[in-house]
Amino acid sequence: MPLPLSADPTVKQLVSLARQSQISRRAVLSGASLAAVGLSVAACSSSATGGQAKPSAAADGSASDKTLVWANWPGYLDQDENKKSPTLDAFRTQSGLDVTYDVAIDDNNTYYGKVKDQLALGQDIGADLVCLTDWMIGRLIRFGYVQKLDETKIPNKKNLTPTLQNPDFDPGRTLSLPWQGGFAGICWNKEKIPGGLKSVSDLWNPKYKGRIGVLTEMRDTIGLIMLENGVDIASKWNDDAFMNATDDFKKHVVSGQIRNVKGNAYLEDLKSEDTIAAICWSGDITTLNGEAGNKWEFAIPSAGATLWNDNYVVPIGSKRKSNAESLMNYYYEPEVAAEIAAYVNYITPVVGAQAVAAAKYPELANNQLIFPNTDTLAKAHIFRTLSPAEENTYNAAFQAVLLGS
Amino acid sequence: MAFSAFAPSTVSEQAPRRKSRVALLLLLPGILYLLLFFLVPLLSLILTSLQAPTVSGDIGQYRTAFEWQNYSTAIGQYGGQILRSFVYAVLATVFALLFSYPLAYFIGVKARPYPLLQNLALILVIAPFFISFLLRTLAWKQLLSDESAIVTGLKALALLAPDAHVTGTPVAVVFGLTYNFIPFMTLPLYASLERLDLRYLEAGNDLYATPFSTFLRVTIPLSMPGIVSGVLLTFIPAAGDYVNASREFLGGTGTTMIGNVIESNFLVSLNYPAAAAMSVMLMVAILILVTIYVRRSGTEDLL
């Protein structure tokens, strides 16, 4: 005879908890065996299919599974003294979702290297929402590694800045949404270079030989040099335009003018004063000044800056797409976006956030690096999406310079 | 094979000839382990190194093929970096040996009457391992930066040109390699010097050999097993090291070693065949060099 369910609510809760844990244990077990099969299949088939077959999206289990894992870059979410995010905590309470914020990304390439095999097989990568840079999103979309977003679940998408609504890698934004953006420009140490710098060419002044840093992000470093050479990086330029800029770059690397080429670690070089001027990202300099004394200044070079965005996507294997969509919708509320912008010092893609910030943080509302006006935006250019063949060739050419070959 | 050099140099007794099923059974886990985690990855590496791009030519897409040209292309493009890796590794090994031998001699021979001192010195040699080697290398980057006390001090003493810098140069990379591998050199040297029978040295003295010639003809030959294993333990990982020479640590664009080329091709350019071909070449080159070295140092009987 089956035992009648107890009427005591605590017991009921316990029983349901126990059931949940059973389900999740089974899920884990099947997940483990699937992963094992997947690994062996991946080992055999990755070359056979050549990655041409696109994986299909996982079924959405958001209705029963109230969890969400969000993978993002360091320093990219507001934080209070207790290292907690007020906006994310508010979302947790409001939505009832158990959100895990995972600072798992510190480089587009490394993160891609970590998850690409699961993506190719359409498996869960352990994150339901990831924020990656434009060009990487372009690659993920090309390979069919992301899920289509349901617009009805993200009504706040109407707040998306018009200029970001139709990027060439995702017209109409059906698969991705911007999280934060920023400029790549030039910065310098005000104590060492009191006169400041105006253009990328100023970095090549022999006075600063061996004290210049540039970024490993090809589209920012080469993009700025191309702009300096008079190329509109958003237009359909040809191989020569890229290769000329790469030759310039190589010349300054070989001559020793450029001290080093780095990713996020370029900030350490600025701090230790190995470099006194650099190609750098706008938000970092605001943060660095806050951390280590007001010593650095950022400027948009006279020939223009590059503008990039990091975008949310839902990986193809995620079973919690609706949960992810409700989080995206939440962060597209102007009030919430204003909080993020005020903390991370990058450009918010949300219209209306500036007005909110103007009331709450008047000193930020006119900061052109956080809330750029149309004049500033006119000086910022998005590096166009590369064709597969171009991506291969240009990457190889750029890496060859970094490797000194 | 090479690592049997760590075994005591005295020839062990012949094992009983009787076939033992128990011995086979005991070997089984080891054999399975090697099959699964060495042989299979090695085969997969060799297969990858022969892959060719797919028709689409998109980044990171390759198909099974027999594209042996991957090897010649890699040598043509990165020959300089391959050579540099071995030059740096040899330099680091030589410097590590020069630093470690006196150190190991002191701990193993001179400090023998004082066990406490001996143990303390050994702990000091091992102590750096308590901190992650990445952190220690990062710390050196900071210590050798342009505005650091070391570099400004050297400049003030005119030992360094006013516009010179240390990080990002070959000096910094070889320094980093030497520093990081010194314990791997010191410990095997210590292990063999610690067993050095001092009566041999006395005998040398009695036969009117100078201390130097005793050292050359008695001490060094007797510590040869330690030297061989120390050199192998330093040279092999140093040649493939990609941390010290990395641009994020002590290196620059002009100090790239083979490990950095492999990393960049694997993670950034997604050129898996090139990365695999370089890995195979590194492995083969190390095997050849080590074989030559071991034969030359007249220590085949150690292996």
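Colleague: What do the buried residues of H8(B) pack against?

Modeller: They pack against helix H2 (69–110), helix H6 (170–193) and helix H7 (198–206) of chain B. Contact means heavy atoms within 4.5 Å. This is a predicted model: local features need pLDDT of at least 70, side-chain atom pairs count only at pLDDT 80 or more, and totals for chains, interfaces and linings use all residues. Residues are numbered from 1 along each chain as its sequence is written, and side-chain values use heavy atoms, without hydrogens and water.

Colleague: Which residues of helix H8 (residues 211–222) of chain B are called buried?

Modeller: B:Thr214, B:Val218 and B:Thr219. Buried means under 20% relative accessible area, exposed over 50%, partly exposed in between (1.4 Å probe, protein chains only).

Colleague: Why are they said to be on the same side of H8(B)?

Modeller: They cover an arc of only 85° around the axis, so they share a side of H8(B). The arc is taken from the directions from the helix axis to the C-beta atoms. On the other side, B:Phe212 and B:Arg217 are exposed.

Colleague: What makes A:Asp269 and B:Lys141 a salt bridge?

Modeller: A salt bridge needs a side-chain nitrogen of Lys or Arg within 4 Å of a carboxyl oxygen of Asp or Glu. Here the closest N and O atoms are 3.7 Å apart, so the pair qualifies. The rule finds 7 salt bridges across the interface of chain A and chain B.

Colleague: How many residues does each chain bring to the contact?

Modeller: Chain A brings 40 residues and chain B 35 residues.

Methods: Chains are lettered from A and ligands numbered from 1 in the order in which they are written. Helices (H or I, at least four residues) and strands (E, at least two) are DSSP runs, numbered from the N terminus.
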